[in-house]
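Hi,

Here is the structure I promised to pass on.

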Amino acid sequence: MPRETAMFSKFKPLGPTLTDANPITQYYDLGMQVGSAGPELAWKIYEAVRKSDKREASVFMFEKRVADKLHKPRRKETITEILRFSVRQLDRFKHSKLLMLYHPIEESSEILAFATEPVLGSLANIMGSLEDRLPQSLPQSVTRYSFVETEIKYGLLQITEGLAFLHYSCKLIHRNVCPQSVIVNRRGTWKLAGLEFTEKCNETDILSPVPCQSFTSKLPKMGQPDLDYTAPEVLATSSCSPLSDMFSLGLMICAVYNNGRSLIEATLSTSHYNKFIEMLEQNIHGFLNRIPDLLQVPLQSLLNVDPRRRPNAQNFSMIKFFMDPAIHALQYLDVIQMKDSIHKSHFYHSLKGTLSHIPKKLWYQHVLPSLKSELQSPEVLAAALQPLLYIIDESTPEEYQTLILPMFRTIFSMPKSVQATVTLLENLDIIMQKTRTSDMKSNVLQMLYNAFDSTTPQIQCAALHAVAQVADHLDEGPIRRMILPKTKQVFENNFGVKVQANALTCVEKIIDKLEKTDILDEVLPMLNKAKLQDPAVLMPVVRIYKHMLGGKRYGLTVNLLATKVMPALIPVVVSPTLKLCQFTTLVELLQEMLEHVAKSQRNKLKLEKLSLPSTEKLTIPNTMDQMTGYPHRPPALRLESRRTSISMDDVGRRACSASSSPDSNLLRVQANLPGRRHSDNTIQPPRIMIAPCSPDSPNPTGATAPGLQMRRHSSVNPHDTRYHFSTLKSGPTDFYSRGREAARRYSAAALYNSIGGSTSSSSNQSPSLLQQIGSGVQQLFSGK
């Protein structure tokens with residue numbers, strides 16, 4: 001708690017003599033002394049509580065025995081009468097700028113007493129200038145109290161307006177404006193008191209001087225105005241006017257900025273007083289550097305020795321120094337209880353914007369007490385919550401728990417208007433940040449759950465908005481058991497765009513605290529029923545889906561994406577209500593979904609392909625139309641009909657035609673595979689393996705073929721026995737069963753040309769060799 005606000009000390013009962021000495025104790029319980037006020041600080045100020053309604057108050061007491069030191073019973077009675085008269089004046093002239101009287105004066109043989117609003121003490125107590133004269137030490141909350149600039153500015157304006165009220169409404173001259181006559185209440189507001197020496201103004205001209213008692217040493221100082229704050233015309237001409245009070249006000253302003261010391265320190269001597277008056281102008285110029293700039297010139301006018309050159313109270317209250325929105329707000333708070341509910345509501349709405357100009361100290365000291373009285377009024381509660389929530393937001397958790405929560409706790413359970421409930425729910429995140437867990441469950445969350453049961457759409461929307469704001473403070477249990485079912489219920493019972501948008505935003509915030517079953521059973525049906533054509537509803541849905549794509553725990557499978565989600569979102573792409581940014585976000589989501597589906601399906605197909613059994617050997621079918629053993633055969637080829645037998649002449653002709661016109665190939669695939677290249681669409685005639693002939697290899701007919709040259713590829717080992725004629729004789733099936741890498745193929749045309757060239761060059765070659773080759777080729781193409 002701030003030091004300035006720690007001013008409510010615990011009551012310490014007074015002694016039995018003082019307690020029973022005055023009738024006021026029948027109405028008030030008294031505590032410890034907190035200050036003193038009046039001439040020579042004659043009044044002692046005590047904390048008090050009214051017995052009837054426990055209302056806090058302060059009781060002023062004057063012990064008549066204090067005047068016994070005057071030694072003259074007549075003077076003793078004079079002091080009592082002066083003090084009694086001041087209280088009667090306060091009771092007669094009531095005003096917001098004057099000290100507020102709770103109980104009129106009560107008198108006994110020993111004590112005068114009266115009760116007022118709760119106060120800290122007099123301005124003299126707080127400034128400490130008269131601390132040595134106090135009857136006892138005061139609490140540190142008073143003696144260590146320090147004013148901020150706004151307090152001083154507001155306090156001086158209060159006293160100025162109090163003087164204006166006395167001068168122009170009451171036709172009175174105060175005559176004793178000084179720190180002892182100014183009372184500071186617990187809200188930090190300065191109140192004018194000390195009406196012991198008032199004089200009536202001139203009836204024809206208020207500002208004209210009237211006769212008055214000048215300061216004299218023949219009278220006790222307790223029975224006269226303070227000489228250090230007296231105007232010079234009072235001593236010079238024994239006359240005074242309202243302008244005399246303005247001179248006293250100027251000296252009091254100097255004391256505020258001079259550590260409680262007046263520019264005139266006469267020490268009860270008129271001769272000393274006159275010397276200070278002669279040096280006053282010089283002292284003012286040396287003192288102005290301590291005064292705010294906007295107050296320097298007006299202060300010089302107030303301290304003018306000539307009364308006619310001083311400003312009156314009304315004019316002084318309008319100087320630029322007082323033109324501050326914070327000052328006007330504090331002033332209105334002092335009189336707000338006299339306003340109707342309409343004016344109150346209008347002011348509290350505007351107060352929220354003014355609080356930033358008011359020191360934080362005054363929030364708790366001045367603003368909160370005014371707001372506290374409005375929290376029980378349903379008509380004004382919604383407006384009063386605006387500045388209160390601002391204060392909560394700017395307060396520390398300790399300040400909230402100590403100063404605000406005690407007065408704020410009752411709001412959660414009390415009946416409230418729709419606007420007040422909506423205001424609380426919309427700002428629930430501010431309250432949750434400062435509230436302890438125990439108070440959160442018993443007060444805040446219970447109000448939130450009750451709001452879902454309301455039939456008012458405004459309250460339902462506010463509750464959904466509140467959940468979205470405070471989701472981080474909620475546990476998974478309450479979210480699954482309370483929040484999600486109620487959110488779905490509100491979503492299904494309301495088809496308004498705003499309600500659906502708030503419900504989906506709520507789901508977006510709590511989805512990480514839901515189980516997969518909750519998402520599949522509750523969330524996805526909500527998304528399918530949402531009005532996607534409206535951008536306000538579409539964008540939360542897009543964000544939810546995008547978030548769910550980030551993890552498998554949300555249960556958004558590829559099947560759901562392909563069959564449910566994307567078919568619902570794709571038509572919205574052409575909606576005319578979408579802005580460019582919304583359209584872009586939606587398209588990006590759909591692209592991400594499609595990529596997710598494609599990636600998953602591609603991986604699935606790859607795994608299925610890898611799971612098929614692999615074959616190590618390639619076999620040739622019985623018919624050429626079903627031959628799949630050629631490693632270079634493209635898929636889905638259609639083989640044209642061909643003859644069942646073939647001669648060497650056909651082989652030669654096909655070889656020639658293949659070399660001259662590739663388009664005439666019997667295999668045509670271009671129509672079936674239009675994307676393939678021409679070279680891929682045709683298949684060359686089968687190539688026949690010609691094994692190298694070794695001189696040692698026996699001829700089946702017993703003859704040798706010395707004229708047949710060995711045909712090989714550079715990569716084929718000529719001594720590899722796999723390529724002998726014995727291999728060719730073993731049959732085409734064994735030949736083609738070899739691996740693709742081990743076999744080297746030669747076209748039938750090349751073989752034919754080789755044989756033909758060899759027969760032409762060597763007529764002695766055995767014909768059995770040609771017969772064997774022809775027989776092997778025939779068997780190959782006939783499939784035997």
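A quick word on handedness before the helices: a crossing is called left-handed if the near helix is turned anticlockwise from the far one by less than a right angle, and right-handed if clockwise. By that rule, H24 and H25 cross in a left-handed way. Please keep in mind that this is a predicted model.

First, the overall picture. The protein has 784 residues, 51% of which count as buried, and its secondary structure comes to 33 helices and 16 strands. Among contacts with a separation of 6 or more, 68% are between residues 24 or more positions apart.

Now back to H24 and its two partners. Helix H25 covers residues 535–548, and its axis comes within 10 Å of the H24 axis, at a crossing angle of roughly 145 degrees. On the H24 side the contact uses Ile-519, Leu-524, Leu-527 and Asn-528, which meet Val-541, Ile-544, Tyr-545 and Met-548 of H25. Sorted by class, that gives seven nonpolar residues, one polar and no charged.

The other partner is H22. This helix (residues 476–493) and H24 (residues 516–529) have axes that come within 11 Å and cross at roughly 20 degrees, so H22 is roughly parallel to H24. This crossing is left-handed too. What is the make-up of the contact of H22 with H24 by class? It has four nonpolar, two polar and seven charged residues.

I also looked at one acidic residue, Asp-429, which sits in helix H19 (residues 428–434). Asp-429 is buried, at 17% relative accessible area. Leaving aside neighbours within four places in sequence, Asp-429 is in contact with Gln-469 and Val-470. Asp-393 is 36 residues away from Asp-429 in sequence, with a C-alpha to C-alpha distance of 9.4 Å.

Finally, the cysteines. A search of the whole structure turned up zero disulfides.

Cheers

Note on methods
Residues are numbered from 1 along each chain as its sequence is written. This is a predicted model: local features need pLDDT of at least 70, side-chain atom pairs count only at pLDDT 80 or more; totals for chains, interfaces and linings use all residues. Side-chain values use heavy atoms; hydrogens and water are left out. Axes are lines fitted to C-alpha atoms, for helices over the stretch in contact, and angles run from 0 to 180 degrees between N-to-C directions. Helices (H or I, at least four residues) and strands (E, at least two) are DSSP runs, numbered from the N terminus. Angles under 35 degrees count as roughly parallel, over 145 as roughly antiparallel, 65 to 115 as roughly perpendicular and the rest as oblique. Ala, Val, Leu, Ile, Met, Phe, Trp, Tyr, Cys and Pro count as nonpolar, Asp, Glu, Lys and Arg as charged, and the others, Gly among them, as polar. A disulfide is a pair of cysteine sulfur atoms within 2.5 Å. Buried means under 20% relative accessible area, exposed over 50%, partly exposed in between (1.4 Å probe, protein chains only). Contact means heavy atoms within 4.5 Å.
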